[in-house]
Amino acid sequence: MSFADLGLSEEVLRAVTDAGYSDPTPIQEKAIPYVLMGRDILGCAQTGTGKTASFTLPMIDILAAGRARTRMPRTLILEPTRELAAQVATNFDIYGKYNKLTKALIIGGVSMEEQTRLIDRGVDVLIATPGRLIDLFERGGLLLSDVKVLVIDEADRMLDMGFVPDVEKIVSLLPKIRQTLFFSATMPPEIKRLADKFLMNPKEISVSPPSTPGENIKQRLVEIKPAGGRRGDGVQKAKRDALRALLASENVGNALIFCNRKRDVDILHRSLTKHGFNAAALHGDMAQSTRTETLTKFKAGEIALMVCSDVAARGIDISDLSHVFNFDVPTHAEDYVHRIGRTGRAGRQGSAFTLITAEDGKFIDGIERLIGHKIERIKAAGTTQAEEKPERPERSKAPKEAKSEDKKPRERKERRKDRRDRDKPDEPVVGMGDHVPAFLLRQPR
Ligand code: AMP
């Protein structure tokens with residue numbers, strides 16, 4: 001089936017051609033004709049399936065008839081994160097370039113003034129995160145009684161983030177007679193309950209997420225073995241070394257580096273920056289202005305490496321990403337497919353490296369079961385690999401031998417000095433962090 005068979009207007013078809021799409025994706029093929037008919041949709045689909053265009057394209061045509069009125073948006077799209085909302089807004093710009101549509105992006109963390117000004121003028125599409133929309137409504141800056149089409153996107157993520165009460169409140173402010181398009185990657189009972197409440201006789205559409213990454217993505221598991229089998233900080237340090245070695249040996253244009261915890265995003269970001277890499281961090285605890293600025297710079301190629309968490313990077317679409325690094329193995333196998341699917345887009349070559357330690361075995365098994373094949377393992381080339389170079393210098397033997405074999409004071413003194421120099425960089429002093437006060441290193445007279 002081609003885009004032309006879906007019933008879209010000339011203007012939208014032209015914009016789709018300009019975007020370089022030749023055929024509709026399965027969700028677009030299944031959803032677009034029903035959205036154009038005015039039916040409610042219950043879509044089970046993830047990001048990466050072309051879901052955004054499956055609702056934006058027909059909405060542009062629906063909006064082509066009619067005009068926006070002051071403070072009364074005609075359509076409303078709810079998104080769980082600011083980044084996703086911003087991405088949907090960009091989609092409207094791309095696909096709506098031959099239509100005269102007005103839109104407003106209502107997200108937290110940015111000034112309300114400009115948003116209020118746009119709404120005052122009248123907008124066709126309002127793309128919003130729930131919290132800011134309620135804020136604006138309660139200040140009287142907005143009327144929702146003219147909304148004819150409502151999109152609830154990533155409903156399961158809304159649930160995870162605690163937005164369900166806000167979403168229910170917003171829906172209670174909308175006209176009962178409307179068209180509702182409801183999308184979720186998964187359908188747990190709570191989401192099914194919401195869908196039953198919000199939708200009328202919906203067309204149910206389900207597209208399975210891609211469970212096999214494209215052949216054009218080179219995948220490798222990088223085995224990390226810290227010296228002496230050390231755990232905790234030793235493992236983290238060995239992973240950072242291995243990552244830097246990979247960054248140096250691979251031809252990295254730009255990369256997403258995933259950590260499982262926000263704290264580790266910060267630690268790794270600081271470490272990479274300290275080692276002179278052009279890196280930034282992205283996670284949910286950062287101020288919105290910083291998140292937006294970071295993302296813009298990364299997309300523009302001003303930042304090469306973005307260390308991120310799954311939630312912050314969810315659904316973010318960056319074309320032409322050369323590498324994905326999993327600093328931590330994701331605990332859900334689907335997240336692995338999701339993460340590495342950011343590279344190798346549109347038939348380009350991509351590479352995905354996952355750092356693995358002895359503790360990650362069961363997660364790797366899960367990933368390999370999901371994708372249906374083993375991933376090639378390679379040894380890390382970091383400097384702290386047990387086989388290559390010990391993290392701590394061998395200290396125990398030399399002094400003992402020195403004592404028994406020769407007792408000449410001058411040689412002993414030199415040997416002591418030698419040992420001191422050798423130990424300095426790696427030898428922690430308990431209770432003093434990394435810093436060793438100079439007086440402790442001075443020779444006693
Ligand atoms: P989404 O699932 O909406 O996040 O879309 C994922 C990516 O697929 C985005 O980069 C879109 O630009 C792209 N895309 C959407 N529809 C098509 C299509 N029919 N053909 C090729 N790429 C598409």
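**Helix packing and strand pairing**

Modeller: In this predicted model, the crossing of helices α14 and α15 is right-handed.

Colleague: How do the axes of helix α14 and helix α15 stand to each other: roughly parallel or roughly perpendicular?

Modeller: Two packed helices are described by the angle between their axes and the distance between the axes. The axes of α14 (residues 333-340) and α15 (residues 361-371) come within 8 Å and cross at roughly 70°. Angles of 65 to 115 degrees count as roughly perpendicular. Therefore α14 is, relative to α15, roughly perpendicular.

Colleague: Turning to the strands, are the side chains on the two faces of strand β4 buried or exposed?

Modeller: In a regular strand the side chains alternate between the two faces of the sheet. In β4 (residues 125-128), Val125 and Ile127 lie on one side, with Leu126 and Ala128 on the other. Both faces are covered, and these four residues are all buried.

Colleague: In which sense do β2 and β4 pair?

Modeller: Strand β2 comprises residues 75-78, and its Leu76 stands opposite Leu126 in β4. The two strands are joined over 4 bridges, and the sense of their pairing is parallel.

Colleague: What is the handedness of the crossover from β3 to β4?

Modeller: Strand β3 (residues 103-106) also pairs with β4 in the parallel sense, over 4 bridges. Within that pairing, Lys103 has Val125 as its bridge partner in β4. Between the two strands the chain passes through helix α5 (residues 112-121), and this β-α-β crossover is right-handed.

Colleague: Arg71 has a positive phi; is Arg71 buried, partly exposed or exposed?

Modeller: Phi of Arg71 is near 60°, although the residue is not a glycine. Arg71 is placed in the loop between α3 (51-64) and β2. Its relative accessibility is 35%, so Arg71 counts as partly exposed.

Colleague: Is Glu154 buried or exposed?

Modeller: Glu154 lies in the loop between β5 (149-152) and α7 (155-160). This residue, which is not a glycine, has a positive phi of about 50°. A residue counts as buried under 20% relative accessible area. Because the relative accessibility of Glu154 is 2%, this residue counts as buried.

Terms used. Residues numbered from 1 in each chain as written. Predicted model: local features only at pLDDT ≥ 70, side-chain atom pairs only at ≥ 80, totals over all residues. Heavy atoms only, no water. Buried < 20%, exposed > 50% of the residue type's maximum accessible area, 1.4 Å probe, protein only. Pairing = 2+ DSSP bridges. Right-handed = clockwise from strand over helix to strand, strands pointing away. Axes fitted to C-alpha atoms, helices over the stretch in contact; angles between N-to-C directions. Parallel < 35°, antiparallel > 145°, perpendicular 65-115°, else oblique. Left-handed = near helix turned anticlockwise from the far one by under 90°.
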